[in-house]
Amino acid sequence: MGVCGSSGSACTSGSLDPSHVLLALGLPHEIAHGSLRLTLSKENTKEEIDFVLSNLPSIIKRLRDMSPLIKK
Amino acid sequence: MEQYSKKVMEHFFNPKNVGEIKDADGIGEVGNPRCGDIMKMYIKVKDNVITDIKFLTFGCGAAVATSSMVTEMIKGKTLEEALKITNKEVR
């Protein structure tokens, strides 16, 4: 089982700009650029959601450990 | 959908030289939050040679991978040799 995610919406997939929605909410650019987009369909299962939840924290930690924006 | 090359994937999943150097001889930072790309690099220099180099990068897989690739290219070079490296050589 794998996870398919994206850094933005399908409708803005051609653009490298951060989500105009997140920016309109007042989020700073680095938060908007660091956002993850996950979409559920009616076919997704509880097990698949649990799989994402168990794998995502370590992935986020790995990326944050590499970032100059996070205080170490 | 475009795929990252094997080399880029390798440098993204197993990046080299990630981290900080507390007593760095030189620190450089480029990029900004608006671009979504920020790279910070730390170097240790002895007798004009870059003996150690570390990076921290906020950005996409390619940003992390190229940071890793360029630090591997730079380690062990003199300052003059390192300054000659351009983005074209990082591939």
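Trainee: Hi! What order and pairing sense does the open sheet of three strands in chain B have?
Mentor: The order is 1-2-3, with antiparallel pairing; strands are DSSP runs of E, at least two residues, and helices runs of H or I, at least four, numbered from the N terminus. Two strands pair if DSSP finds at least two bridges between them. This is a predicted model: local features need pLDDT of at least 70, side-chain atom pairs count only at pLDDT 80 or more, and totals for chains, interfaces and linings use all residues. Residues are numbered from 1 along each chain as its sequence is written, chains are lettered from A and ligands numbered from 1 in the order written, and side-chain values use heavy atoms, leaving out hydrogens and water.

Trainee: Which strands are at the edges?
Mentor: Strand 1 (26-32) and strand 3 (49-58) of chain B, each pairing on one side only.

Trainee: And how many bridges join strand 1 and strand 2 of chain B?
Mentor: Seven, in the antiparallel sense, with strand 2 spanning residues 37-46. B:G26 stands opposite B:I43 of strand 2.

Trainee: Switching to A:H29: buried or exposed?
Mentor: A:H29 is buried, at 18% relative accessible area; buried means under 20%, exposed over 50%, partly exposed in between (1.4 Å probe, protein chains only).

Trainee: What does A:H29 touch?
Mentor: Not counting residues up to four places away in sequence, A:P18, A:L23, B:P33 and B:R34. Contact means heavy atoms within 4.5 Å.

Trainee: How many residues of each chain are in contact with the other?
Mentor: 12 residues of chain A are in contact with 15 of chain B.
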